[in-house]
Amino acid sequence: MRTKISRFLLVVMTLVLLCPLNASASSNIDLSRVKLSSGSEKLAFQFESIEMNGEVRQKVPFTKKEIDKFVKEALKESGLTELDIKEANEKVEKARRASDFTKEDIDRIKANLLTSVETVPAAGNVAMFLKAIDSFMKSTSWDDLGTASANLLEESMSAEVKDTAGGFVDNAGELGENVNLANEWVGALTSIVSFCDMIADAQAHDRQKWKDIADGAEAKRLLNTFYETLQEKIDNYKRKSDEAGWVIDFDNAIDGRNFTFFGVDSNYQTWYLDMNMEQKSTNEFGSIAGEYEGKYTIRAEHDLSEFQSRTGEALQYLEKKGVLGAGVQVFITNMNAAGYPTSYKKGETGEALISRTISGSCEATIAESGEITLSLHEDNDEKTISISGVTGKVESTIQGENLDAVFGMTFEFTANKEDMIVRGETSKTTGYADGRAFGFSADMTGSGKAGWDENIWNVWDGKQKTLKLL
């Protein structure tokens, strides 16, 4: 009986000090029991319709490699293995199940206790006693057993006894030999022992429950020691991480959009961003908030295959703007008026390469609210434009008595920096007259300047650039 009482006292005096366990399903080590830093937050760099994703992250972040290293070190220092942690988790879970009391258990224990209420401190206050027992027996978690017992102790004995409660029981579960109590407190302590003894007697038909609970409490102490050691290692690393600060990082971030180029839609523009800024100051040690400085490079590349394969549409667009010249414009008008329809057709796809690279310095301020102010300073803006061998045709069909002919003019697109030039290349007529085939061609002279289609750059030029947390 003495062993049974001592075991239970050891349980109820210890459980109140322990934290609940939330066992991990994927590992024996439950990392939810330690506090890790967030590591990184997602960022978006935006201008017009473009959004490119990056992050603001700790310069010295937690990685799986570091966490695994800390776990191994904590296990070694605690004299444990992962198997020990697994077995301890199992004991804790078994103790939790053992503490599930049925309504019949509660009613039986309360009945037994009521018959011996005189053994309880402050026995005259039956209402207080029953309330404490209800709290004890209706616990939804087995950890509450220790809390309920502590509540009863607090309501039943003086502050002096409560303060020395840790010395009532030694590591073996016996009354401490060095505990000097006045006679009046010895009686109160005896009542607490009797109370625990009655609970053990009420559960005598299922002593294994109490053994499982005691084993679970011991396992919890083991787990707590291990996780405290692990948390200390993580805290030390966190200080190193906090001292290093945070960085804003975009590594070849990408986004794109369709755009219209000289009347031809569905060309594609792709933007690539590299941006790195380091935290230079912060109002709070380890905080993401603060001032950042660094550099950026953003690059635009273009797929102009739609323009190259639909140059007839580009010629029609430019003809309406008068770029092909007044003579060509009058010719087309007259041919259409005479009933000889004019069409615009593609020619050779040639080569069309356009790229743009912008670089410079940048600063950002992340407020405690998460709002970000961004400043970009363009130090270089380099554009590469190479268009050659891209041609389109204007053709008119001439049909009349004993005449069936096609008259065509070929135009080539070239570029001089940001100036599209349309040059007349050849004119050619082929057909039949009185049943006889004929044909002739001639080199064309003259060219027209089309300027530049700003649709290619209007997503960037003059537009606000922003950073925001996602």
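**Reading surface, core and helix faces**

Tutor: The accessible surface of the protein chain comes to about 24,600 Å², and 47% of it belongs to carbon and sulfur atoms; such areas come from the Shrake-Rupley method with a 1.4 Å probe, and for residues only the protein chains shown count as cover. This is a predicted model, in which local features need pLDDT of at least 70 and side-chain atom pairs count only at pLDDT 80 or more, while totals for chains, interfaces and linings use all residues. Residues are numbered from 1 along each chain as its sequence is written, and side-chain values use heavy atoms, with hydrogens and water left out.

Student: What average pLDDT does the protein chain have, and where does pLDDT stay under 50?

Tutor: pLDDT is the predictor's confidence in each residue, from 0 to 100. The protein chain averages 77, with 69% of the residues scoring at least 70. Over residues 118–124 the pLDDT is below 50, and this stretch has 13 contacts in the model beyond near neighbours in sequence, a contact being heavy atoms within 4.5 Å. Residues 139–190 also have pLDDT under 50, and for them the model has 71 contacts beyond four places in sequence.

Student: How many of the residues count as buried, and which residues touch the most other members of the largest nonpolar core?

Tutor: In soluble globular proteins, nonpolar side chains tend to be buried together. Buried means under 20% relative accessible area, exposed over 50%, and partly exposed in between, with a 1.4 Å probe and protein chains only. Here 43% of the 470 residues count as buried. A nonpolar core is a set of buried Ala, Val, Leu, Ile, Met, Phe, Trp, Tyr and Cys residues joined through side-chain atoms within 4.5 Å. The largest has 60 residues, of which F45, I248, F261, I298, F307 and F413 touch the most other members. Apart from that core lies another of 19 residues, including I85, Y227, L230 and Y237.

Student: How is a helix read, and which residues of α2 are buried?

Tutor: Helices (H or I, at least four residues) and strands (E, at least two) are DSSP runs numbered from the N terminus, and the protein chain has twelve helices and 14 strands. The expected span of a helix is 1.5 Å times one less than its number of residues. Helix α2 (residues 64–78), with 15 residues, reaches 21 Å from its first C-alpha to its last, close to the 21 Å expected. Its buried residues are I67, F70, V71, A74 and L75. Seen down the axis of α2, these buried residues fall within an arc of 135 degrees, so they line one face of the helix; the arc is that of the directions from the helix axis to the C-beta atoms. The face turned away from the buried side of α2 carries the exposed residues K65, K72, K76 and E77.

Student: Which residues of α12 are buried, and what covers them?

Tutor: In α12, V328, I332 and M335 are buried. They cover an arc of only 65 degrees around the axis, which puts them on the same side of α12. What covers the buried residues of α12 includes α11 (311–320), β6 (342–346), β9 (390–400) and β10 (403–415). On the other side of α12, A326, G327 and A337 are exposed.

Student: Is T311 buried or exposed, and which residues does T311 touch?

Tutor: T311, in helix α11, is buried, with a relative accessible area of 0%. Not counting residues up to four places away in sequence, T311 touches K345, K346, G347, V390, T391, G392 and F413.
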